[in-house]
Amino acid sequence: MQTAEADLARDLQHYLQKPNVPYVPSALAQQIFTAHQTWLQLASPKYSLAMHRGIAALYVADERFAAYYTALVGDQRAATGLKSIIDYYTQNEE
């Protein structure tokens, strides 16, 4: 879990440095999604894409999650950027 989280933080930080964020799809956005998905699958054996989307919605709706991602990545746009990526890669999937 720590490796997936470290990969997510590093990649999300790089993603947010690009102009015109949110920028999906991209190879970097796909890496971020996969790292977050791996982390969730390790934490919850009942993982689903719908659950993934719901958790992403919490990241922007609940200031505690937003603060966590801001601290993890060092950018106030982290939760919003991550949600945009998750929304993109989980749309029309199940």
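This is a predicted model: local features need pLDDT of at least 70, side-chain atom pairs count only at pLDDT 80 or more; totals for chains, interfaces and linings use all residues.
**View 1. Helix 3 packs against helix 5.**
Here we're looking at helix 3 (residues 49-61) and helix 5 (residues 78-90), whose axes come within 9 Å and cross at roughly 160°. That angle is over 145°, the cut-off for the label, so helix 3 counts as roughly antiparallel to helix 5. The crossing itself is left-handed. On the helix 3 side, the residues in contact are L49, H52, R53, A56, A57, Y59 and V60. Across from them, helix 5 brings in A79, T80, L82, K83, I86, D87 and T90. Sort this contact by class and you get eight nonpolar, three polar and three charged residues.

**View 2. L82, a buried residue of helix 5.**
Zoom in on L82, which belongs to helix 5. L82 has 0% relative accessibility, so it counts as buried. Leaving out residues up to four places away in sequence, L82 touches L8, L12, I32, H36, Y59 and Y69. One of these, Y59, also turns up on the helix 3 side of the contact with helix 5. For a sense of the fold, check L16: it sits 66 residues from L82 along the chain, yet their C-alpha atoms are separated by 9.6 Å.

**View 3. Q37 and its polar contact with Y47.**
With a relative accessible area of 17%, Q37 is buried, since the cut-off is under 20%. The Q37 side chain makes a polar contact with the side chain of Y47, at 3.0 Å. Again skipping residues up to four places away in sequence, Q37 touches Y47, L49 and H52.

Methods:
Residues are numbered from 1 along each chain as its sequence is written. Side-chain values use heavy atoms; hydrogens and water are left out. Axes are lines fitted to C-alpha atoms, for helices over the stretch in contact, and angles run from 0 to 180 degrees between N-to-C directions. Helices (H or I, at least four residues) and strands (E, at least two) are DSSP runs, numbered from the N terminus. Angles under 35 degrees count as roughly parallel, over 145 as roughly antiparallel, 65 to 115 as roughly perpendicular and the rest as oblique. A crossing is left-handed if the near helix is turned anticlockwise from the far one by less than a right angle, and right-handed if clockwise. Contact means heavy atoms within 4.5 Å. Ala, Val, Leu, Ile, Met, Phe, Trp, Tyr, Cys and Pro count as nonpolar, Asp, Glu, Lys and Arg as charged, and the others, Gly among them, as polar. Buried means under 20% relative accessible area, exposed over 50%, partly exposed in between (1.4 Å probe, protein chains only). A polar contact is a pair of N or O atoms within 3.5 Å; within protein, one must be able to donate a hydrogen and the other to accept it, and residues adjacent in sequence count only if both atoms are side-chain atoms.
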